[in-house]
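Good morning, everyone. Please look at the model as it comes up.

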Amino acid sequence: MTTQLSLLLTGVGGQLGRRVADHLLRDSAGASVIGTSRTPQRLGDLARRGLQLRHADFDEPGGLAAAFEGADRLLLISTGAANAGPRRVAQHRAALHACAQAGVRHVAYTSFLDADTSPLTALAADHAATEALLAQGSTGFTVLRHAFYMEMLLSTLPAAIASGRLLSASGQADVAYVTRSDCAIADAAALRDGFDGRRRLDITGPSALTSAQLVERVNTVLGTAIVHVDATRADLEAHFTAGGMPPAMARLLSAIDEGLGQGAMARRSDDFEALCGRRACDVDEFLRLHRDALMAR
Ligand SMILES: NC(=O)c1ccc[n+]([C@@H]2O[C@H](COP(=O)([O-])OP(=O)(O)OC[C@H]3O[C@@H](n4cnc5c(N)ncnc54)[C@H](OP(=O)(O)O)[C@@H]3O)[C@@H](O)[C@H]2O)c1
């Protein structure tokens, strides 16, 4: 008698986790699918679609091995940036320890492009530390290094469209934006494809654009007339704050833009296409899909 393969993803209540669950519930190649969350009671819609829900909180390590019991392959969704620093690494360490205790054979992990060399140290360091923990362990793994989520453009472009100016501190550097939805497709594919060695994949969009090229694409696709303006990080922070953005967010976004200027997200890869058998969404398609939201201001 053959036993059914069991796939488990953590953090199923998050934006990425919900999307991964959606793909696995549509096609799990005959495997059973388990989702863990801090708040499984809120996820009745996924339970009704066949997801087995369990409680797991990486801040409560004692219960994790039981939560992962029976899983053959597990997707560890990195906890949000609100946990950044030693707490987040401790959370991931606890989850990986529980994977080993529960006998999970393969761990997939949602990491960050160029985690170990990224100039965006504040965002990448926890991922580099988690990748190092995976490398030190004896379990097979897939590290999925997600590029910058294209959905960030939904936060920055509406103001640029409304004002007719896009300020950027990223200079001539390319950015290989990828959608969160495509990352979810890649994460689901890595969980169910049966690979049992150790691999690291760069999950990027199909093309990489400078901020000036991005403005050209927006103007072409949406019919806008935005002017691209090269700025310093300080200019950008002041510009965001003047537009009403909370200071902490203005500081973070301008620091990210400066990091992009140092090439933090310039790497473009075909790993998505090889893993998923199709091309990832590009910026033009994303702009068309989100036209109404982008033009609403
Ligand atoms: N590359 C990029 O541009 C980019 C952008 C944004 C985020 N990210 C990364 O992608 C990850 C998912 O992003 P998202 O957009 O889905 O963020 P999100 O909606 O804020 O989700 C946060 C995730 O962290 C989980 N989590 C938080 N605290 C936890 C804990 N104590 N124990 C277990 N799980 C915990 C949540 O699971 P439950 O709520 O179900 O417990 C949820 O899945 C982030 O954590 C971040 O590492 C990357």
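A polar backbone atom of Ser78 lies 2.5 Å from an oxygen atom of the ligand, a polar contact being a pair of N or O atoms within 3.5 Å. This is a predicted model, in which local features need pLDDT of at least 70, side-chain atom pairs count only at pLDDT 80 or more, and totals for chains, interfaces and linings use all residues. Residues are numbered from 1 along each chain as its sequence is written, and side-chain values use heavy atoms, with hydrogens and water left out.

For Leu16, a backbone N or O atom is 2.8 Å from a ligand oxygen atom. Arg38 instead uses an N or O atom of its side chain, 2.8 Å from an oxygen atom of the ligand. Around the ligand there are 23 residues, of which Gly11, Leu16, Ser37, Ser78 and Arg88 come nearest; a residue counts as near if one of its heavy atoms lies within 4 Å.

Leu16 also takes us to the helices, since Leu16 in α1 is among the residues that meet α7, contact meaning heavy atoms within 4.5 Å. Helices here are DSSP runs (H or I, at least four residues), numbered from the N terminus.

How do α1 and α7 pack, and at what angle? Helix α1 (residues 15-26) and helix α7 (residues 180-192) pack at about 55°, their axes 8 Å apart. Axes are lines fitted to C-alpha atoms over the stretch in contact, and angles run from 0 to 180 degrees between N-to-C directions.

Finally, helix α9 (residues 233-242) packs with helix α10 (residues 247-261) at about 145°, with axes 9 Å apart.

Methods: Helices (H or I, at least four residues) and strands (E, at least two) are DSSP runs, numbered from the N terminus. A polar contact is a pair of N or O atoms within 3.5 Å; within protein, one must be able to donate a hydrogen and the other to accept it, and residues adjacent in sequence count only if both atoms are side-chain atoms.
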